[in-house]
Amino acid sequence: MEKEFMNDYLNRHYDNWLDYARFHCTRAGIPLDARDVLHEAIVALLEKPVDELIALAGRQYAAGTELDFLALRIIKLNATSPTSRHRYQPMLRHWADGVDVWSLSVVQEPQPASQPDPFERFEWVRRMLQELDIPEQWRAIFRYKFFLHHSLSDWPGKEKQRTVYGIYNRVLALLRAQAALLQQS
C-alpha cells in the first residue's frame, strides 16, 4: 500500500518536477543534467522513511504539499549548489546517442610558435619603457613595482599613494597598447 502510494505520487508529480529541474539546470548552465538532477532528488526522497513521506504528502503547504516543497528544494539545491557534482563533471558525458567516440578523427592543433622566455619579455618591457615619451619619475615608479617587485604603498618618494598608483597604471596601459600595436603588425 505504501509503495503503491509513493509510486502513484511520483508518477503524478514527475513532469512538474522535471520542468522545475530543467528551469534551474538551465539557469545554472547545465541544461543537459535536468533529468539526472531530478532522479537524484527522487532517490534522496526515497531514502527517507516511507511513513514520514506519506505524512509530508498529507500536509498542505502553499500551492502543494510539504513533500512537493521538499522535492523542489532538493532539486534546486542539486542544480544550483556550488558543491553539486553536476557543476564539476566534465562535459564528455553529453555525447549524442549513437556516436562512436573511438571512430572520430582527432584534429591536431598546430603548435604555436615558441613562447619567448621570461627573460626576453622583461628585456622587451625594459626597451619599451625607455622608448616611451614619459617623465623619468614615471619610469622609476614603474621599475620599483614591476622589476623590483616592491609594493607601491612602500614607494620612498613624497608623492601621494593615489598618484603613485595612477602613474603605474598609466605606464602599464601605455606598454600594453604598445604590445597590442606590435601584435597587429
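# Side chains of a predicted model

Visitor: At 49% relative accessibility, what does Arg12 count as?
Guide: Buried means under 20% relative accessible area, exposed means over 50%, and partly exposed is in between (1.4 Å probe, protein chains only). Arg12 has 49%, so Arg12 counts as partly exposed.

Visitor: What pLDDT do side-chain atom pairs need to count?
Guide: Residues are numbered from 1 along each chain as its sequence is written, and side-chain values use heavy atoms, leaving out hydrogens and water. The model is predicted: local features need pLDDT of at least 70, totals for chains, interfaces and linings use all residues, and side-chain atom pairs count only at pLDDT 80 or more.

Visitor: Which residue forms a salt bridge with Arg12?
Guide: A salt bridge puts a side-chain nitrogen of Lys or Arg within 4 Å of a carboxyl oxygen of Asp or Glu. For Arg12 the closest N and O atoms are 3.4 Å apart.

Visitor: How many salt bridges does the structure hold?
Guide: Glu123 and Arg126 form one of them, with the closest N and O atoms 3.5 Å apart. Arg143 and Glu136 form another, at 3.2 Å. The count for the structure is six.

Visitor: Which residues are linked in a network of salt bridges?
Guide: Two members are partly exposed: Arg143 has a relative accessible area of 26%, and Glu136 has 46%. The network links Glu136, Arg139 and Arg143.

Visitor: What are the centre-to-centre distance and plane angle for Phe142 and Phe146?
Guide: Rings of Phe, Tyr and Trp (its six-membered ring) pair if their centres lie within 6.5 Å; planes under 30 degrees apart are stacked, over 60 edge-to-face, the rest tilted. By this rule there are nine aromatic pairs. Phe142 and Phe146 make a stacked pair, at 5.0 Å and 15°.

Visitor: In which helix do Phe142 and Phe146 both lie?
Guide: Helices (H or I, at least four residues) and strands (E, at least two) are DSSP runs, numbered from the N terminus. Phe142 and Phe146 are four residues apart, about one turn of the helix. That helix, residues 136-146, is α6.

Visitor: How far apart in sequence are the parts that Phe142 and Tyr168 tie together?
Guide: Phe142 is buried, at 0% relative accessibility. Its ring and that of Tyr168 have centres 5.3 Å apart and planes at 20°, so this pair is stacked. Phe142 lies in helix α6 and Tyr168 in helix α7 (residues 161-184), so the pair ties together parts separated by 26 residues.

Visitor: Over the ring of which residue does the charged end of Arg126 sit?
Guide: A charge sits over a ring if NZ of Lys or CZ of Arg is within 6 Å of the ring centre and within 35 degrees of the ring normal. The charged end of Arg126 is 4.3 Å from the centre of such a ring.

Visitor: Which residues does Leu10 touch, not counting residues up to four places away in sequence?
Guide: Leu10 is in helix α1 and is buried, at 12%. Contact means heavy atoms within 4.5 Å. With that sequence limit, Leu10 touches Trp17, Ile42 and Leu46.
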